[in-house]
Amino acid sequence: MNIAREDIVAVIRDANVVSDPDKLRDDLTLADQGVDSLGIFNVILLLQEKYGVEIPDDDVDPLVSIPAIVNYLNQRLA
Amino acid sequence: MIGITDIATYLPQCRIDNLQRATQLGSTPEQVEERIGFRRVAQLDPGTDTLDLATTVARQLLEKNVLDPLSVDVLVVVTQNPDRNIPHLSAELHGTLGFSSNCACYDIGLGCSGYVYALSVVSAFMSANDFKVGILVTADLYSKIVNPNDKITSLIFGDGATATLLTTDPVFELGAFSFGTQGSEADKLACNDGVLFMNGRAVFNFVATHVPGDIQRVVKKNHLSLEDIDCFVLHQGSRFIVETIAKRLLADIQKVPFMAAEYGNTVSSSIPMMLASLIKDMKNKTMVLSGFGLGFSWASTVIKRKE
């Protein structure tokens, strides 16, 4: 399974944590684009449920941007 | 059938302004308002303690129902923060209220699921012993164990107490219950060396994963559908938690109120604090109660206005 940027944006859209997920940039952190810690929790939970993978607390902190999430999940699911 | 006849509530006068202190705790007023949801949290007035709040709210219940203290068959207190561990707070409360020596008393040591659990325990205890009048007090004062500089907990928890009158001639009858525990996660929300610790992500994951399904199960167990429910009375963990459950249930958000913005998450008092006003609204005929938190533990039921 190869996870693409669009897959993550779709999850962020489901999480309803930003007004326009299509405008999210890859070169900025999600926090800098208005996603707070509670929003991150929600995004990570939806990713866990969608991909059937447990993401431990220690792995969450580095998941600050869309590319970081894409890379992480592709490594975990490889 | 045993059910809820009336509820009294008590909130201390003292309030901590979360909007003012949000920035110094690493949050923002917007996050407090829109996500955490508690603009202010109630805090125990100086010189008072758990027994004082329990006494005040129980007396209020007795007075508004013109209830003879000697008529109470059972007195139960839900708390995990009594003034002292021994004796049980319900016995001390029994003494201050002057109840009959024939009145049974015990404490229930549960957190945010405690009220719903206690409704089941106390109503079953009353039925088994042919009791007519029971009083269920919730009084869990988290200001005793919250570190005021901890962003994760100090913007959330507030102090309060409630007293519920349970009788054989209720206004709301109790339906079937559902319970659950995820003990493997219990240390994610715990009091260590006298200070409350909370892993916010773990609590969120637990609630979002287990509670909506439990509510669906208990509704079905009561031979109802979600459309039959007039109001979902959810433990007020935070605005974000309440809205997450509503979204996962696909419920009309108008039916899932968040009412604790001015006093905070009052733990086991959270549900009866809301119910006290919701039961007065005649539109509310069938309501879901769902409590969840410490343990991780959850409990849900349906209550129905008696025709």
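Two residues are in contact if their C-beta atoms, placed from the backbone, lie within 7 Å. The model toured here is predicted: local features need pLDDT of at least 70, side-chain atom pairs count only at pLDDT 80 or more, and totals for chains, interfaces and linings use all residues. Residues are numbered from 1 along each chain as its sequence is written, while chains are lettered from A and ligands numbered from 1 in the order in which they are written.

**Stop 1: the core of chain B**

Select V137(B). Leaving aside neighbours within four places in sequence, V137(B) is in contact with A54(B), V57(B), A58(B), V77(B), L93(B), A161(B) and A163(B). Next, show the largest nonpolar core, which has 118 residues; A54(B), V57(B), V137(B), V233(B) and V288(B) have the most contacts inside it. Such a core is a set of buried Ala, Val, Leu, Ile, Met, Phe, Trp, Tyr and Cys residues joined through C-beta atoms within 7 Å. A residue is buried if 20 or more other C-beta atoms lie within 10 Å of its own, exposed if 12 or fewer, and partly exposed in between, with C-beta atoms placed from the backbone. Colour helix 7 (residues 200-221) of chain B, which gives the most to this core, with 9 residues. Helices (H or I, at least four residues) and strands (E, at least two) are DSSP runs, numbered from the N terminus. Domain 1 (3-167) and domain 2 (172-305) of chain B both give residues to the core, so the core lies between them.

**Stop 2: the two domains**

Colour the domains of chain B separately; their bounds come from an automatic or database domain assignment. The centres of domain 1 and domain 2 of chain B, taken over C-alpha atoms, are separated by 17 Å. Here 41 residues of domain 1 of chain B are in contact with 47 residues of domain 2 of chain B. On the side of domain 1 that touches domain 2, select helix 5 of chain B, which gives the most, with 7 residues.

**Stop 3: the sheet**

Display the strands of chain B: 9 of them form an open sheet in the order 5-4-6-7-1-8-13-12-11, with mixed pairing. Two strands pair if DSSP finds at least two bridges between them. The edge strands are strand 5 (104-108) and strand 11 (231-234) of chain B, each pairing on one side only. Then select strand 12 (residues 286-293) and strand 13 (residues 297-305) of chain B, which pair in the antiparallel sense over 8 bridges. L289(B) has T301(B), in strand 13 of chain B, as its bridge partner.

**Stop 4**

Most residues other than glycine have a negative phi, and most peptide bonds are trans. Select I86(B) and P87(B): the peptide bond from I86(B) to P87(B) is cis, with omega near 5 degrees. P87(B) is placed in the loop between strand 4 and helix 4 of chain B.

Move to H223(B), which has a positive phi of about 60 degrees although it is not a glycine. H223(B) is in the loop between helix 7 and strand 11 of chain B. Is H223(B) buried or exposed? H223(B) is exposed, with 10 other C-beta atoms within 10 Å.

V267(B) also has a positive phi of about 60 degrees although it is not a glycine. V267(B) counts as buried, with 32 C-beta neighbours inside 10 Å.

**Stop 5: where the chains meet**

Finally, show both chains: 7 residues of chain A are in contact with 8 residues of chain B. Helix 2 of chain A gives the most to the side of chain A that touches chain B, with 4 residues.
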